[in-house]
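Please open the model in your viewer and keep the selection tool at hand. The tour goes from one selection to the next and says what can be found at each stop.

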Amino acid sequence: MTPTHLPGRVAIPSLPEQTRTPPSADALEAFNAAPADEVRHTLLTCLHSPRWADRLADHRPYPDVDSLLAASDEAAYDLAPGDLAQALAGETLPVLPEGVYGAAHTALSAAHAAYEAKFGHAFVICVDNLPPNEALDQVLAGIRSRLANDPEEERVVAAEELRRLAKGRLLRSLRSAGL
C-alpha cells in the first residue's frame with residue numbers, strides 16, 4: 001500500500017511488503033554513488049529531518065546495508081528537540097485500508113485530536129510488522145495508552161517510533177532502488 005494522506009497528522013506507515021528480502025548490493029551501490037542532493041531528497045521521504053538526512057548523505061559510502069541502518073539509528077538517536085519537532089511536523093495520516101468503517105475514522109480522529117492537544121505534535125507509531133487487519137487497532141490502542149505519558153516520556157517514545165519508521169522507510173526505499 002502506498003502512503004496517501006488525509007487531513008490530520010498521525011503517522012501510520014505504509015504496510016510492509018510481503019517479502020523481507022534485503023536490498024540488493026546494487027541498490028546500496030546506487031545509494032552510495034548518487035548525487036548528494038538526490039540522496040538527501042530520498043532520505044527526507046524517510047524522515048523529515050534535514051539534520052538526519054545530511055548526516056547519512058555526508059557519511060557515504062556505506063560498506064553494507066547494516067552499516068547504513070546503524071548510521072540511520074545513530075543519527076535518529078542524536079536528533080535535538082528542534083529536529084525531532086521538525087520531523088514530527090512532517091508526518092501525516094495515510095488513507096486507512098478500504099473496508100474500514102466510518103466509526104474507525106471518527107475514533108482515530110478523536111484520539112489523535114486529544115493526543116495532539118496534549119503533546120502539541122503528531123502521533124507516530126511504527127506498525128511495519130503487523131498484518132493490515134491489526135494496524136488500526138494497534139494505532140488506536142497506542143494513542144490511548146500513550147495519552148497517559150508525561151510530555152518528556154512521550155518525547156522519548158515518539159523519537160523511538162520515528163527512528164523505527166525511518167529505518168523501515170529507508171529499507172523500502174533501497175529495495176525499490178528509486179534513487
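Helices here are DSSP runs of H or I with at least four residues, numbered from the N terminus, and their axes are lines fitted to C-alpha atoms over the stretch in contact, with angles from 0 to 180 degrees between N-to-C directions. The model is a predicted one, in which local features need pLDDT of at least 70, side-chain atom pairs count only at pLDDT 80 or more, and totals for chains, interfaces and linings use all residues. Residues are numbered from 1 along each chain as its sequence is written, and side-chain values use heavy atoms, leaving out hydrogens and water.

In contact (heavy atoms within 4.5 Å), Trp52, Arg55 and Leu56 of H3 meet residues of H4 including Leu68 and Ala71.

Next, select helix H1 (residues 25-33), where Ala27, Leu28, Phe31 and Asn32 are buried (under 20% relative accessible area; exposed is over 50%, partly exposed in between, with a 1.4 Å probe and protein chains only). These buried residues pack against helix H2 (36-46), H4 and helix H8 (151-176), while the face of H1 turned away from the buried side carries the exposed Ala25, Asp26, Glu29 and Ala33.

Finally, select aspartate 73 and arginine 163, which form a salt bridge with the closest N and O atoms 2.6 Å apart (a side-chain nitrogen of Lys or Arg within 4 Å of a carboxyl oxygen of Asp or Glu). Aspartate 73 lies in helix H4 and arginine 163 in helix H8, 90 residues apart, and both are buried.

Definitions and conventions
Helix = DSSP H or I, 4+ residues; strand = E, 2+ residues; numbered from the N terminus.
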